[in-house]
Amino acid sequence: MALTPFAAIFARAAERKGGAAAIEAMLPAMKPVDELRATTDDRWLACMARVVFQAGFSWTVIEQKWPGFEAAFHGFEPHACAFMSDERIDALLKNPDIVRNAAKIRSVRENAVFVTELAREHGSAARFFADWPLSDQVGLLDLLKARGSRLGGNSGPMLLRFMGKDSFVISADVAKALVKWGAVDKAPSSKKDMAAVQAAFNAWTAESGRPYAHVSRTLALSVGEDD
């Protein structure tokens, strides 16, 4: 099946959701590269922690408890978190101000090490993420899974989206749209599938001149229960 032009996908989304203006109003805002570079590394670590703790848990509870997380993890200062002792982690397991999940608490220390390594290698973790080419998001997701802690699955894409880096998120609706519009023949799961997904997004962004995040959201809006 040939890849459907983005113009046709946008037209279908507009038809389903009340017109082109309605679609435009639903598209997410992304940060410019300079603003991403200027973001301090503690915010990247904080967002890593947020997506890890939110996975499989109530986002509302995490939001309500977030001030407690900030206090418990030293404002997510990377070096402070990277050097948390086992005794400190044991103490956090008794802290009612956070979600007391041992594996997720340990992931903060592990991701702090990851962030400090990126800072040594690239000047800052923020610069690394800001400068990673948009045409290879799949490569960045592979790196997050390999070098980060608990940043595979949808946690990596949600990290990028929450931080404002232009990116696509393969939600259930986006996966359905990728099949419907000819990018893949089934919900993407393998490396071959993900390479095809990246190629499709690259083609659609080149055709439309739109950010990857806008293409991703439009895809989600282009399908429904009848697809």
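This is a predicted model: local features need pLDDT of at least 70, side-chain atom pairs count only at pLDDT 80 or more; totals for chains, interfaces and linings use all residues.

Student: Why is the pair Arg 37 and Asp 34 called a salt bridge?

Tutor: The cut-off is 4 Å between a side-chain nitrogen of Lys or Arg and a carboxyl oxygen of Asp or Glu. For Arg 37 and Asp 34 the N to O distance is 2.8 Å, so the pair qualifies. Side chains of opposite charge can pair when their charged atoms come close.

Student: What separates Arg 37 and Asp 34 along helix 3?

Tutor: About one helical turn, because Arg 37 and Asp 34 sit three residues apart in helix 3 (residues 33-38).

Student: What makes Asp 34 exposed but Arg 37 partly exposed?

Tutor: Exposed needs over 50% relative accessible area, and buried means under 20%. Asp 34 comes out at 58%, so it counts as exposed. Arg 37 has 35%, which falls in between, so Arg 37 is partly exposed.

Student: How many salt bridges does the structure hold?

Tutor: Eleven. Among them is Arg 43 with Asp 42, where the closest N and O atoms are 2.7 Å apart.

Student: How do you know that Arg 43 and Glu 70 make a polar contact?

Tutor: The limit for such a pair of N or O atoms is 3.5 Å. The side chains of Glu 70 and Arg 43 come to 2.8 Å, so the contact is within it. Arg 43 itself is partly exposed, with 29% relative accessible area.

Student: What else does Glu 70 touch, leaving aside neighbours within four places in sequence?

Tutor: Besides Arg 43, Glu 70 is in contact with Ala 46, Gly 75 and Phe 76. Glu 70 lies in helix 5 (residues 59-72). Ala 46 is 24 residues away from Glu 70 in sequence, with 7.9 Å between the C-alpha atoms.

Student: On to the rings. How many aromatic pairs are there?

Tutor: The count comes to twelve. Phe 6 and Phe 10 make one of these, with centres 6.3 Å apart and 50° between the planes. Phe 6 and Phe 10 are four residues apart in helix 1 (residues 6-17), about one helical turn. Both are buried.

Student: Why is the pair Phe 73 and Phe 76 called stacked?

Tutor: The planes of Phe 73 and Phe 76 are 20° apart, which is under 30 degrees, and the centres are at 5.4 Å, so the pair is stacked. Phe 73 and Phe 76 are buried. They also belong to a cluster linked by ring pairs, along with Phe 53, Trp 66 and Phe 69.

Student: Which charged residue lies over the face of Trp 66?

Tutor: Arg 50, at 4.2 Å from the ring centre. The distance limit is 6 Å, so Arg 50 meets that part of the test. Over the ring of Trp 181 sits the charged end of Lys 180, 5.0 Å from its centre.

Key:
Residues are numbered from 1 along each chain as its sequence is written. Side-chain values use heavy atoms; hydrogens and water are left out. Helices (H or I, at least four residues) and strands (E, at least two) are DSSP runs, numbered from the N terminus. Buried means under 20% relative accessible area, exposed over 50%, partly exposed in between (1.4 Å probe, protein chains only). Rings of Phe, Tyr and Trp (its six-membered ring) pair if their centres lie within 6.5 Å; planes under 30 degrees apart count as stacked, over 60 as edge-to-face and the rest as tilted. A charge sits over a ring if NZ of Lys or CZ of Arg is within 6 Å of the ring centre and within 35 degrees of the ring normal. Contact means heavy atoms within 4.5 Å. A polar contact is a pair of N or O atoms within 3.5 Å; within protein, one must be able to donate a hydrogen and the other to accept it, and residues adjacent in sequence count only if both atoms are side-chain atoms.
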